[in-house]
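Visitor: I'm new here. Could you show me around this one?

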Amino acid sequence: MVQERDLRPRKMQESDLDRPLGDRPSPPMRHENSGTPLSDILSGLALLISLIAFFLSAYAVIQVRRQSSVQPQSSNPSVSRPLLPFLSQPQQVTQGQFIQPTEDRSAQVELLSATRGSSNSATIQLQVRRLDRPVTAAPTINLANAIALNSRTNEQYPVIQTPASNNQFISLSNLRPGSSLNTSVTLRVPDTLDRIDLDIPNVRVFRNVPISIS
């Protein structure tokens, strides 16, 4: 025999009525100062920019240290360039300082002096020495075609005076090995220029030649 269940709603017990309201679970509270999506995006962008700036500064420091530890080397050993051009270089040509070979290395040319002459001119004293090697390139040195160069502006200054014809065209084949010939050439050089590059045909270029006052 099936018994019927009492489905009537249960009456609130007195213990439920006597329970204080403070003991009942309260709903979660909503924070009023929580960030908006826009502020979160701006904060993320600021953090990303800070990280990028940090890595770029670190990379720059590494590159500076790497460059300072590497010593530059000259690709042309025949051309001497002092490390401190404004401190270590003398203000006049000294013996053995400026020596360059001819293109075929059958002779060498040494600058003996470079002095300031009249206004806007400079006189170069030089010596041509024949070496014990055969002449295979151009057999002469034509001082009339020499050129003074401004290394900063690449401006060229021509010859204004050459010696006698026998010393103006120097024939290397007529010089015996071991013999030498002294000669000079005067070029137009502005008074404001105290150093020049000297380009003589059939001879390697002389770099940063100081011009002293005679």
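Visitor: Where is N120 placed?
Guide: Look along the strands (DSSP runs of E, at least two residues, numbered from the N terminus). β2 and β3 form a hairpin with five residues between them. N120 sits in the loop between β2 and β3.

Visitor: What is the phi of N120?
Guide: This is a predicted model, where local features need pLDDT of at least 70, side-chain atom pairs count only at pLDDT 80 or more, and totals for chains, interfaces and linings use all residues. Residues are numbered from 1 along each chain as its sequence is written, and side-chain values use heavy atoms, with hydrogens and water left out. Most residues other than glycine have a negative phi. N120 is not a glycine, yet its phi is positive, about 60 degrees.

Visitor: Is N154 buried or exposed?
Guide: N154 lies in the loop between β5 and β6. Buried means under 20% relative accessible area, exposed over 50%, and partly exposed in between, using a 1.4 Å probe and protein chains only. N154 has 61% relative accessibility, so N154 counts as exposed.

Visitor: How many bridges join β2 to β3?
Guide: Two strands pair if DSSP finds at least two bridges between them. β2 and β3 run antiparallel, with V109 standing opposite V128 in β3. The number of bridges joining β2 to β3 is nine.

Visitor: Which strands stand at the edges of the open sheet of four strands?
Guide: The order is β6-β5-β10-β11, with antiparallel pairing. Two of these strands each have a single partner, so one side of each is left without a neighbour in the sheet. Those edge strands are β6 and β11.

Visitor: How many residues does the largest nonpolar core have?
Guide: A nonpolar core is a set of buried Ala, Val, Leu, Ile, Met, Phe, Trp, Tyr and Cys residues joined through side-chain atoms within 4.5 Å. Those with the most contacts (heavy atoms within 4.5 Å) inside the largest one are L111, L126, I141, I200 and F206. The elements giving two or more residues to this core include β2, β3 and β9. The core has 30 residues.

Visitor: Where does pLDDT stay under 50?
Guide: pLDDT is the predictor's confidence in each residue, from 0 to 100. The chain's mean is 79. pLDDT stays under 50 over residues 71-88.
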